[in-house]
Amino acid sequence: MKSYRVRITVAAGLAVAGLALSACGPVQAGAAAIVGKERISSSDLDAKVREFREDLAAHKLSEDQLQLGMSAPQVILYYTANARQYAELAQRKNISVPESEIDGYIAARGGQAKVDEMLLSGGIPRSMGRDTIRTVLTQQKLMTQVAAGNDEQSMQAALVKVTQEAAAAVPVTFSPRYGKFDLQQGFVPDDRLGAVEAAPAQ
């Protein structure tokens, strides 16, 4: 079974570090998640889900075709929390990703239209594209700092170390409304609430 702790791969090569989780705690009312001390509101998440579904409709795609493995709200919440977690960690470690690096990343993958397709295939609204890529590049820079070498084993060990550091520095707590996050399976139903609530299809 795919490990969400290690990474989620978005379509043809847009890879994002797995979200580093800490022990669960209470979540404020109306919050989908708490990242460090920052709140991701349920209303903001619902707006991103609506936008994502509008993007899919514009490209004549359906959620069923994507086979995301999680609901659209769960996937988008995951990536939103991931981006905010690494943004805060990068700020603490004085790591920056200039807009020119994001532009270069997009160009190297065939341009904006191609990247938009990758994002949509992975369950990410186009408006989150640059933040998602910034997360990828931030993670790569952090891994380079701690990797013993450039071989796959060293980079995998660096990814685990960076993930653990992110979890310790910027804790993430999800609302049980969206399920319980399992490191191997992604979101699973929270026994306290029964079935996971998902945003209604538009």
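1. Throughout this note, a contact means heavy atoms within 4.5 Å, and helices (H or I, at least four residues) and strands (E, at least two) are DSSP runs numbered from the N terminus. With that in hand, S42 of helix 1 is in contact with G30, A31, A32, R177 and Y178, leaving aside its neighbours within four places in sequence. S42 is buried, with a relative accessible area of 9%, where buried means under 20% relative accessible area, exposed over 50%, and partly exposed in between (1.4 Å probe, protein chains only).

2. Please keep in mind that this is a predicted model, in which local features need pLDDT of at least 70 and side-chain atom pairs count only at pLDDT 80 or more, while totals for chains, interfaces and linings use all residues. Residues are numbered from 1 along each chain as its sequence is written, and side-chain values use heavy atoms, with hydrogens and water left out.

3. The pLDDT is the predictor's confidence in each residue, from 0 to 100; its mean over the protein chain is 81, and 78% of the residues reach 70 or more.

4. The protein chain holds seven helices and seven strands, which follow one another along the sequence as β-β-β-β-α-α-α-α-α-α-α-β-β-β. Of its 202 residues, 45% count as buried, and among contacts between residues at least 6 apart in sequence, 71% join residues at least 24 apart.

5. A nonpolar core is a set of buried Ala, Val, Leu, Ile, Met, Phe, Trp, Tyr and Cys residues joined through side-chain atoms within 4.5 Å. The largest one has 46 residues, of which I40, L45, F52, L77, I133, F174 and F187 touch the most other members. Among the elements that each supply at least two residues are strand 3 (31-35), helix 1 (42-58) and helix 6 (129-146), while helix 3 gives the most, with ten.

6. Helix 1 and helix 3 pack at an angle of about 115 degrees, with their axes 10 Å apart; axes here are lines fitted to C-alpha atoms, for helices over the stretch in contact, and angles run from 0 to 180 degrees between N-to-C directions. The contact is made by L45, K48, V49, F52 and R53 of helix 1 and by A72, P73, I76, L77, T80 and R84 of helix 3. L45 is in contact with A32, P73, I76, L77 and Y178, once neighbours within four places in sequence are left aside.

7. In helix 6, the buried residues include G129, T132, I133 and T138. T138 has a relative accessible area of 4% and touches Y86, A90 and V97, not counting residues up to four places away in sequence.

8. K60, in the loop between helix 1 and helix 2 (63-66), has a phi near 55 degrees, a positive value in a residue other than glycine, and is exposed at 74% relative accessible area. N94, in the loop between helix 3 and helix 4, also has a positive phi of about 55 degrees although it is not a glycine, and N94 counts as exposed at 73% relative accessibility.
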